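Reader: I've got a model open on my screen and I'd like to learn how to read it. Could you walk me through a few features, one at a time?

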Amino acid sequence: SRPREGQAPQGGKTLKLTRVFIRTLRHFWPRLNSRLDVLPDTRFEPMVIYHRRFLFWWGVLLFCFKLGSRRQLDFELRDLETWVRDNVNRLSSCAQETLPVNKTLSHFLGHVGSAAVAEVRTECIRRLIRNKVLEAARLRGCFVLAVDGTGLLHFNRPHCSHCLVHRNGSAVYYLHPVLEAKLVDPRGLALSMASEFIENPLPHHSLLPHDPATLTEYERVKQDCELKAFDRLASSLKAAFPQTRFCISGDSLYACGRVLTVCEHNHWSYVLTFKPGRTPNLWADFQGLLRLLPGNHLQRCLPNGIRQCFRWVNDLDYEDDAGRHHRVHALLCEEHQDQRIQTFAWITDFVLTASNVLAVADQGGRVRSKIENQGFNLQKNSGLNLEHAYSTDWDVMKAFYYLLQIAHLFLQMFEMGSLLQHLACEYSSTPRRLFGSLKNLAQRLREGFRYFLLPEEIFDPAASPRAQIRLCDSS
């Protein structure tokens with residue numbers, strides 16, 4: 001027989017935590033189920049058993065519960081002696097009588113297509129922006145988007161016609177990287193705004209040249225890369241958010257005329273890492289003018305004893321390789337601690353003054369690390385299992401990738417939301433001390449769906465008590 005309420009370990013905390021999770025989803029996205037009704041679904045209608053809403057949530061819960069692989073759906077959730085089916089039915093407003101096998105989810109995503117899943121992610125972010133949930137993340141009126149690439153999958157043999165080819169000595173690797181634009185802020189947010197897969201559009205046979213010299217030429221000239229993918233990502237981002245003001249934050253790879261031109265064309269701001277090896281002439285001009293402008297100087301002492309020294313130069317002229325002219329401003333930060341000096345520098349389109357250099361450095365420059373730490377690192381190592389191949393079909397893999405980004409969005413709003421902070425305060429603790437880790441939170445959510453029949457009213461936005469959920473610092 002099914003377990004009753006209270007039979008799960010530490011049932012009180014688990015049930016309360018699960019209620020907080022559902023209330024957070026319904027608060028921020030009350031009409032998400034209506035949006036899922038219009039997902040394109042090319043399955044043969046007379047043979048369809050599971051509703052598209054149910055299967056979409058089934059895929060999102062795969063990542064929210066951090067199961068690690070598609071097969072774990074069968075072992076962890078597909079059990080009619082628990083309350084999983086009833087709770088997912090209430091979450092998706094369905095009335096399924098059975099639970100699907102993991103291949104059913106993959107089959108469904110193949111018929112929906114990755115582009116439709118990506119659009120759901122875009123609309124989830126768009127709703128947060130329209131409801132002004134993320135206003136505190138703005139820098140001088142702009143949302144800061146950290147842009148960076150990361151490895152998604154790699155193989156020792158050709159996987160598909162889109163693989164990138166990398167040669168290391170006698171070994172040849174076939175890669176699937178992805179370029180991400182994530183909305184970041186110092187509190188710890190890293191919300192996926194847009195993704196562009198770095199992939200080759202060439203026929204499969206062209207990935208295997210017999211002459212090693214041909215492979216080298218192929219790698220050097222014809223393969224896709226981050227900068228090429230950035231052009232496509234910028235185009236899709238502008239189409240999805242045509243009037244939203246963005247500030248692009250990137251490493252020194254993006255401090256070039258190609259990216260500056262895109263930002264200027266789209267009326268976006270930028271704060272990009274500035275290194276002498278990337279633009280040597282511009283760096284030389286910057287260093288020379290610093291000595292002539294001693295008044296452009298500001299110091300700050302941090303609580304941990306680090307002393308920061310900021311210096312800046314406005315109105316630097318930069319001509320890129322294509323002969324395009326740009327006017328940029330440069331900021332230098334030297335950190336002094338224990339006889340050690342660490343230097344950071346950025347170029348930006350913000351005119352720098354003593355009143356804004358701290359914000360530009362902290363919210364535009366240093367915040368870029370959030371895409372690695374709170375973004376890729378958590379998605380790879382906290383149980384979301386980003387580098388796992390959830391399917392052998394490339395478009396279905398992309399769909400799973402977007403589901404992961406949606407689940408990570410939901411989890412961040414849940415983990416940083418004030419409802420979870422209030423729950424921890426009931427036990428005179430913090431969420432991290434109360435539950436131990438983010439992975440433990442996911443485990444408790446899984447237990448909540450398994451061992452408790454969650455009340456219907458917490459799934460209904462109209463029946464839930466009206467409350468404002470604020471975002472708190474993740475630390």
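This is a predicted model: local features need pLDDT of at least 70, side-chain atom pairs count only at pLDDT 80 or more; totals for chains, interfaces and linings use all residues.

**Helices, cores and loops**

Author: Happy to. Let's start with a pair of helices. With an angle of 65 to 115 degrees, two axes count as roughly perpendicular, and H3 and H14 are therefore roughly perpendicular to each other.

Reader: At what angle do the axes of helix H3 and helix H14 cross?

Author: At roughly 65°, with the axes coming within 8 Å. H3 covers residues 52-64 and H14 covers residues 394-415. As for handedness, H3 passes H14 in a right-handed crossing.

Reader: Which residues make the contact?

Author: From H3, you have Phe56, Trp57, Gly59, Val60, Leu62, Phe63 and Cys64. H14 brings Phe400, Leu403, Leu404, Ile406, Ala407, Phe410 and Leu411.

Reader: What about the nonpolar core, and which residues have the most contacts inside the largest one?

Author: Trp29, Leu134 and Phe410 do, in a core of 134 residues.

Reader: What does Leu134 touch, leaving out residues up to four places away in sequence?

Author: Leu128, Ile129, Phe143, Leu183, Leu189, Leu191 and Leu471.

Reader: Where is Ser269, and is it buried or exposed?

Author: Ser269 is in strand S7 (residues 269-273). Its relative accessible area is 8%, so Ser269 is buried. Setting aside residues up to four places away in sequence, Ser269 touches Cys142, Phe246, Cys247, Ile248, Cys263, Asp349 and Phe350.

Reader: Back to phi. Where is Arg140, and what phi does it have?

Author: Arg140 is in the loop between strand S1 (138-139) and strand S2 (142-155). Its phi is positive, about 50°, although Arg140 is not a glycine. At 48% relative accessibility, it counts as partly exposed. Asn385, in the loop between H13 and H14, is another residue other than glycine with a positive phi, near 60°. Asn385 has 27% relative accessibility, so it counts as partly exposed.

Reader: Last one: how do I read Arg368, and which residues does it touch?

Author: Begin with its place, the loop between helix H12 (357-365) and helix H13 (370-381). Its relative accessibility is 21%, so Arg368 counts as partly exposed. Next, look for partners from elsewhere in the chain. Not counting residues up to four places away in sequence, Arg368 touches Ala146, Asp148, Ser249, Gly250, Asp251 and Thr273. Check Leu145 too: it is 223 residues from Arg368 along the chain, with 8.3 Å between their C-alpha atoms.

Notes:
Residues are numbered from 1 along each chain as its sequence is written. Side-chain values use heavy atoms; hydrogens and water are left out. Helices (H or I, at least four residues) and strands (E, at least two) are DSSP runs, numbered from the N terminus. Buried means under 20% relative accessible area, exposed over 50%, partly exposed in between (1.4 Å probe, protein chains only). Contact means heavy atoms within 4.5 Å. Axes are lines fitted to C-alpha atoms, for helices over the stretch in contact, and angles run from 0 to 180 degrees between N-to-C directions. Angles under 35 degrees count as roughly parallel, over 145 as roughly antiparallel, 65 to 115 as roughly perpendicular and the rest as oblique. A crossing is left-handed if the near helix is turned anticlockwise from the far one by less than a right angle, and right-handed if clockwise. A nonpolar core is a set of buried Ala, Val, Leu, Ile, Met, Phe, Trp, Tyr and Cys residues joined through side-chain atoms within 4.5 Å.
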